[in-house]
Amino acid sequence: MKRKIVLHFSREIWDKPIIYRLIKDFNLILNILKANVLPRRESFMVLEIEGSDNDCRKGFEYLKECGVTIEPIEQNIRRDEEKCTHCGACTAICPTGALSIKRETMEVVFFSEMCSGCELCVPACPPRAMEVHIE
Ligand code: SF4
Ligand code: SF4
């Protein structure tokens, strides 16, 4: 199992060796794609996590016990409606059909519930309307 997730750390746990334990105790391979960790502040980390279903499940349970909030990355893909020009470039590469053309109006519609979080649309969008939005 390989998936991208966003972890949110409260200010109380920002300095705990949680990521170290996740790798060492749960046999998981982690690739940190983005992180914003500041002393005594709420922090976040975008990770690609790889391991067996069982190890991932145990790792997620451990994270929850530590008070870390876990979000699948697809919940963080947004479209800036003001920037979107409905050019259609993203519809050719979106593998799930989350971005598709509404034939009646030729508008490009974004069905966020169909998004897998692959992020292919982010660099493909000329005006950069597709964003990974993490707070
Ligand atoms: S590529 Fe960007 S601007 Fe073009 S339709 Fe898709 S989201 Fe809108
Ligand atoms: S992140 Fe992937 S699945 Fe989601 S809208 Fe973009 S291309 Fe489609």
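Predicted model: local features only at pLDDT ≥ 70, side-chain atom pairs only at ≥ 80, totals over all residues.
I took a residue as near when one of its heavy atoms lies within 4 Å of the molecule. I counted Ala, Val, Leu, Ile, Met, Phe, Trp, Tyr, Cys and Pro as nonpolar, Asp, Glu, Lys and Arg as charged, and the others, Gly among them, as polar.

Conventions: residues are numbered from 1 along each chain as its sequence is written, and chains are lettered from A and ligands numbered from 1 in the order in which they are written. Local features need pLDDT of at least 70 and side-chain atom pairs count only at pLDDT 80 or more, while totals for chains, interfaces and linings use all residues; side-chain values use heavy atoms, with hydrogens and water left out.

**Ligand 2**

I listed the residues surrounding ligand 2; among them are Cys-94, Cys-115, Cys-118 and Cys-121. Its shell comprises eight nonpolar, three polar and one charged residues.

**Overall layout**

I noted domain 1 (2–67) and domain 2 (78–132); such bounds come from an automatic or database domain assignment. The centres of the two domains, taken over C-alpha atoms, are 29 Å apart. The protein chain has three helices and eight strands, where helices (H or I, at least four residues) and strands (E, at least two) are DSSP runs numbered from the N terminus.

**Helix H2**

I checked the length of H2 (residues 53–66): its 14 residues should span 20 Å at 1.5 Å a residue, and its end C-alpha atoms are 20 Å apart, which agrees. The expected span is 1.5 Å times one less than the number of residues.

Which residues of H2 are buried? I found Asp-55, Cys-56, Gly-59, Phe-60, Tyr-62 and Leu-63. They cover an arc of only 160° around the axis, so they lie on the same side of H2; the arc is that of the directions from the helix axis to the C-beta atoms. Buried means under 20% relative accessible area, exposed over 50% and partly exposed in between (1.4 Å probe, protein chains only).

The buried residues pack against strand E1 (2–9), helix H1 (18–26), strand E3 (43–50) and strand E4 (69–72), contact meaning heavy atoms within 4.5 Å. The face turned away from the buried side carries the exposed residues Lys-64 and Glu-65.

I looked at Phe-60 separately: it counts as buried because its relative accessibility is 14%.
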